[in-house]
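My notebook is open and I have a protein model to look through. I'll jot down what I look up as I go.

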Amino acid sequence: LPTSEWLTFFDELGSLGVMRVTLAGGEPFIRTDLPALLDGIVRNRMRFSFLSNGALIDDEIAAFVARTGRCEYVQVSVDGSCAEVHDSCRGKGSFEGVIRGIRTLQRHQISVAVRATIHRNNVHDLENIAHFLLDELGLPDFGTNSAGYMGTCRLNEADVMLTIAERQVAMATLLRL
């Protein structure tokens, strides 16, 4: 939608007493009008959060988000403790982008929520993922989910979806952690 239609929509949400908005996509940080959209959300006394791949978050936009005082969190996906594991499902270079984005958000004191999607390529990396996120990046916590039978996962089921035995490994590892 063009900026003006989003702003009208946020005005409507505000008039209905909506208190929170989640910006997702695609990738919300690709929008050049994002500051204007956030101004529309803030003007309507709503809080906001993002679902993002993290790669496009730079100091300029992070500073803007922080100045609003209305951002609850930015959620990103980290599916590996290193580029080799993460990039196996997210694409070459994506690990570098998400880690750069997380560190930028942290510098601007914006809450970061991380979700690790468990799949065949990272089920044996879960302990390393936990160590990386909690100890190296200093996050207070992270969440997990398993790859679902939709989108790209469905098209690459044999390479991505967990077997029953792998699900058992994942559950045992998560319980131990």
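Does R45 count as buried or exposed? I looked it up: R45 counts as exposed, because its relative accessibility is 60%. My cut-offs are under 20% relative accessible area for buried, over 50% for exposed, and partly exposed in between (1.4 Å probe, protein chains only).

Before going on, I note that this is a predicted model, where local features need pLDDT of at least 70, side-chain atom pairs count only at pLDDT 80 or more, and totals for chains, interfaces and linings use all residues. Residues are numbered from 1 along each chain as its sequence is written, and side-chain values use heavy atoms, with hydrogens and water left out.

I found R45 in the loop between α2 and β2 (47–51). Helices (H or I, at least four residues) and strands (E, at least two) are DSSP runs, numbered from the N terminus. The phi of R45 is near 60°, a positive value in a residue other than glycine.

I then checked Q109, in the loop between α5 (94–107) and β4. Its phi is positive too, near 55°, and Q109 is not a glycine. With 74% relative accessibility, Q109 counts as exposed.

Where does G26 sit? I traced G26 to the loop between β1 and α2. The peptide bond leading from G25 to G26 is cis, and its omega is near 20°.

**Entry: two helices side by side**

Next I looked at helix α1 (residues 3–15) and helix α2 (residues 34–43): their axes come within 9 Å and cross at roughly 15°. Axes here are lines fitted to C-alpha atoms, for helices over the stretch in contact, and angles run from 0 to 180 degrees between N-to-C directions. So α1 is roughly parallel to α2. The label goes to angles under 35 degrees; over 145 is roughly antiparallel, 65 to 115 roughly perpendicular, and the rest oblique.

Which residues make the contact? From α1 I listed T3, W6, L7, F10 and D11, and from α2 A36, L37, G40, I41 and R43. Contact means heavy atoms within 4.5 Å. I sorted the residues of this contact into 6 nonpolar, 2 polar and 2 charged. Ala, Val, Leu, Ile, Met, Phe, Trp, Tyr, Cys and Pro count as nonpolar, Asp, Glu, Lys and Arg as charged, and the others, Gly among them, as polar.

E12 also belongs to helix α1, and it counts as partly exposed, at 44% relative accessibility. I checked its C-alpha against that of N44: they are 32 residues apart along the chain and separated by 9.0 Å.

**Entry: the sheet**

What order do the strands take in the open sheet? I read 5 strands in the order β1-β2-β3-β4-β5, with parallel pairing. Two strands pair if DSSP finds at least two bridges between them. β1 (20–23) and β5 (143–146) are at the edges with a single partner strand each, so one side of each has no neighbour in the sheet. On average, neighbouring strands of this sheet are turned by 20° against each other, direction ignored.

I zoomed in on β3 (residues 71–77) and β4 (residues 112–118), which run parallel and are joined by 4 bridges. V74 stands opposite V112 in β4.

A113 is in strand β4 as well, and its relative accessible area of 24% makes it partly exposed. Leaving out residues up to four places away in sequence, A113 touches Y73, V74, Q75 and V76. The C-alpha atoms of A113 and V76 are separated by 6.4 Å, although 37 residues apart along the chain.
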